[in-house]
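Work through the exercises below with the sequence and the model in view. Try each task before reading its solution.

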Amino acid sequence: MAKNVPTADQLVAKAILRNIRCTPQKARRVVNLVRGERADTALTTLKFAPQEIGADLFTLLNSAIANAKQKNPALRDPSELWVVEATVDEGFTLKRFRPRAQGRGFTIRKRTSSITLVLSDDRGYRSNGPRKAPANKKAAVVAGEGKAE
């Protein structure tokens with residue numbers, strides 16, 4: 001199968017926020033809210049999200065929309081775009097030590113995140129290609145593709 005390579009008429013824009021001081025677990029809670037949404041709806045969601053990372057994601061989404069407008073000046077507004085991919089990866093970890101009893105040190109890990117947003121005018125776009133069919137027979141039976149034995 002060929003990868004889902006963007007064609008000349010398909011618009012794909014990407015923005016990456018690296019090493020943001022928020023744990024990946026907390027960032028994923030907010031990113032999951034906007035994955036698969038229209039860009040204008042996602043902007044509204046992020047603007048009123050009570051989490052602190054929401055403001056950074058709002059800026060990141062605005063950057064991705066600006067990247068899309070740069071690629072295609074005919075783009076009128078964000079309602080034509082979809083958040084097709086939104087991933088949160090772990091960045092580097094700052095290690096700090098807290099003094100404890102009897103001269104020991106307790107490690108404090110201050111985690112960082114790397115967040116990627118991909119926008120497209122095609123809602124079904126996937127950068128890693130279409131979904132693969134199930135490899136084993138049991139999964140095929142569950143999916144309803146084969147006969148049960």
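**Exercise 1. Locate Ser113, decide whether Ser113 is buried or exposed, and list what Ser113 touches.**

Step 1. Ser113 lies in strand β3, which spans residues 105-120. Helices (H or I, at least four residues) and strands (E, at least two) are DSSP runs, numbered from the N terminus. This is a predicted model, in which local features need pLDDT of at least 70, side-chain atom pairs count only at pLDDT 80 or more, and totals for chains, interfaces and linings use all residues. Residues are numbered from 1 along each chain as its sequence is written, and side-chain values use heavy atoms, with hydrogens and water left out.

Step 2. The relative accessible area of Ser113 is 0%, so Ser113 is buried. Buried means under 20% relative accessible area, exposed over 50%, and partly exposed in between (1.4 Å probe, protein chains only).

Step 3. Not counting residues up to four places away in sequence, Ser113 touches Leu17, Arg18, Asn19, Ile20, Cys22, Thr23, Pro24, Ala27, Val88, Asp89 and Gly91. Contact means heavy atoms within 4.5 Å.

**Exercise 2. Give the order of helices and strands in the protein.**

Step 1. Count the elements: there are four helices and three strands.

Step 2. Along the sequence they follow the pattern β-α-α-α-β-β-α.

**Exercise 3. Describe the largest nonpolar core.**

Step 1. A nonpolar core is a set of buried Ala, Val, Leu, Ile, Met, Phe, Trp, Tyr and Cys residues joined through side-chain atoms within 4.5 Å. The largest one has 28 residues, of which Ile53, Leu57, Leu61, Leu81 and Ile115 touch the most other members.

Step 2. At least two residues of this core come from each of β1 (12-20), α1 (24-34), α2 (39-47), α3 (53-71), β2 (82-99) and β3. The largest share, seven residues, is supplied by α3.

Step 3. Beyond its neighbours within four places in sequence, Ile115 has contacts that include Ala15, Ile16, Val31, Ile53, Leu57 and Thr87.

Step 4. A second, separate core has five residues, among them Val12, Trp82, Val118 and Tyr125.

**Exercise 4. Explain why the buried residues of α2 line one face of the helix.**

Step 1. The buried residues in α2 are Ala39, Ala42, Leu43 and Leu46.

Step 2. Viewed down the axis of α2, they fall within an arc of 105° (taken from the directions from the helix axis to the C-beta atoms), so they line one face of the helix.

Step 3. These buried residues pack against α1, α3 and β2.
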